[in-house]
Amino acid sequence: MDKSIKIKIDGKGIIAKEGQTIVEAAEENGIYIPTLCHLKGIIPSGSCRICNVKVNGRFLTACTTKIHDGFEIENNSPEITELRKIIIETLFVSGNHYCPACEKSGNCILQALAYQYRIMIPRFPYIYEQREIDASSPKLILERNRCVLCKRCVRTIKTDDGKNYFAIEGRGHKARIILDEELAKTMTEEKAMKAMENCPVGCILKKETGFIKPIGERKYDKESISKVCVK
Ligand code: SF4
Ligand code: SF4
Ligand code: FES
């Protein structure tokens with residue numbers, strides 16, 4: 001039987017299971033901790049930092065940190081909210097995001113986080129970096145202006161013998177997502193669809209499937225991401 005562990009999140013005592021991460025323990029107890037690069041069921045990479053919480057006074061990423069008895073976790077303090085806002089605003093200004101015209105609008109985690117944290121105007125200047133759109137593969141479009149470099153696609157979309165379809169090329173502001181040209185030619189419909197779904201933003205688009213769901217029926221249309229994610 002799983003060993004139970006007692007922790008506190010924002011002063012509320014909860015019982016979690018040994019081996020769970022803070023994100024998993026919180027979710028099981030109906031507490032929302034935002035995530036972006038993390039995808040349930042895969043090994044977390046801890047790269048986007050949106051899930052930062054304070055554990056006994058130290059900042060840690062909740063998607064990568066396993067719980068221990070006596071953890072006192074701050075998730076909703078003004079300090080953490082401010083940090084998360086800075087991360088969201090930075091992502092907006094370092095890409096080119098025009099939500100009303102975006103195929104992922106209503107289903108996008110970045111957009112939903114911006115609503116959740118009531119982002120109005122980013123405090124940082126927009127960079128307006130020009131990024132090339134790649135529509136050369138038979139099934140997918142890479143709209144790199146929206147990529148947040150979370151590597152979800154790299155980590156989850158593979159051939160049956162484990163080869164990566166996607167990779168990050170370059171470093172710093174030159175980093176960009178690429179798709180293996182030869183492998184892309186053999187990509188199945190299911191894998192292409194999965195790649196679009198697993199991308200948290202509107203960077204990976206499956207050709208001929210944009211705007212399938214009308215406004216009102218998209219994932220975050222009726223409820224905020226904090227409610228959708230802890231059901
Ligand atoms: S990817 Fe998300 S945040 Fe960016 S334009 Fe599309 S809906 Fe907006
Ligand atoms: S294409 Fe999407 S899933 Fe891949 S790194 Fe960029 S944002 Fe993440
Ligand atoms: S969701 Fe935890 S670091 Fe990205």
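What follows is a conversation about reading the features of a predicted model.

Trainee: Where do I start: how many helices and strands are there in the protein chain?

Mentor: Keep in mind that you're looking at a predicted model. The protein chain has 7 helices and 10 strands. Its radius of gyration is 18 Å, close to the 17 Å that the globule rule gives for 231 residues, so the chain is as compact as a globular protein of that length.

Trainee: Which domains is the protein chain divided into?

Mentor: Domain 1 covers 4–76 and domain 2 covers 85–213. Their centres, taken over C-alpha atoms, are 26 Å apart. As for how they touch, 10 residues of domain 1 are in contact with 13 residues of domain 2. On the domain 1 side, that contact surface has 7 nonpolar, 2 polar and 1 charged residues.

Trainee: Now the sheets. What is the order of the strands in the open sheet of 5 strands?

Mentor: First the general idea: strands of a sheet pair through backbone hydrogen bonds, either parallel or antiparallel. Here the order is S2-S1-S5-S3-S4, and the pairing is mixed. At the edges sit S2 and strand S4 (58–61), each pairing on one side only. Ignoring direction, neighbouring strands in this sheet are turned by 40° against each other on average.

Trainee: Which pairs of that sheet run parallel or antiparallel?

Mentor: Take them one by one. Strand S1 (residues 4–9) and strand S2 (residues 12–17) are antiparallel, joined by 6 bridges. You can check this at Ser4, whose bridge partner in S2 is Lys17. The hairpin of S1 and S2 has 2 residues between the strands, and Asp10 there takes a positive phi near 50°. S1 also pairs with strand S5 (residues 72–74), this time in the parallel sense, over 2 bridges. On that side, Ile9 has Ile73 in S5 as its bridge partner. Then strand S3 (residues 52–55) runs antiparallel to S4, with 4 bridges, and Asn52 stands opposite Thr61 in S4.

Trainee: And which strands make up the open sheet of 3 strands?

Mentor: That one has the order S6-S7-S10, with antiparallel pairing. Its edge strands are S6 (133–134) and S10 (204–206), which each pair on one side only. S6 is joined to strand S7 (residues 140–143) by 2 bridges, and Asp134 stands opposite Leu142 in S7.

Trainee: Which helix lies across S7 and S10?

Mentor: Look for helix H6 (residues 189–198), which runs at about 140° to S10.

Trainee: Which residues come nearest to ligand 2?

Mentor: There are 13 residues around ligand 2, and Cys147, Cys150, Cys153, Cys199 and Cys203 come nearest. The class count for this shell is 11 nonpolar, no polar and 2 charged residues.

Technical notes. Residues numbered from 1 in each chain as written. Chains lettered and ligands numbered in written order. Predicted model: local features only at pLDDT ≥ 70, side-chain atom pairs only at ≥ 80, totals over all residues. Pairing = 2+ DSSP bridges. Contact = placed C-beta atoms within 7 Å. Axes fitted to C-alpha atoms, helices over the stretch in contact; angles between N-to-C directions. Domains from an automatic or database assignment. Nonpolar A, V, L, I, M, F, W, Y, C, P; charged D, E, K, R; others polar. Near = placed C-beta within 6 Å. Rg over C-alpha atoms; globule rule 2.2 N^0.38 Å.
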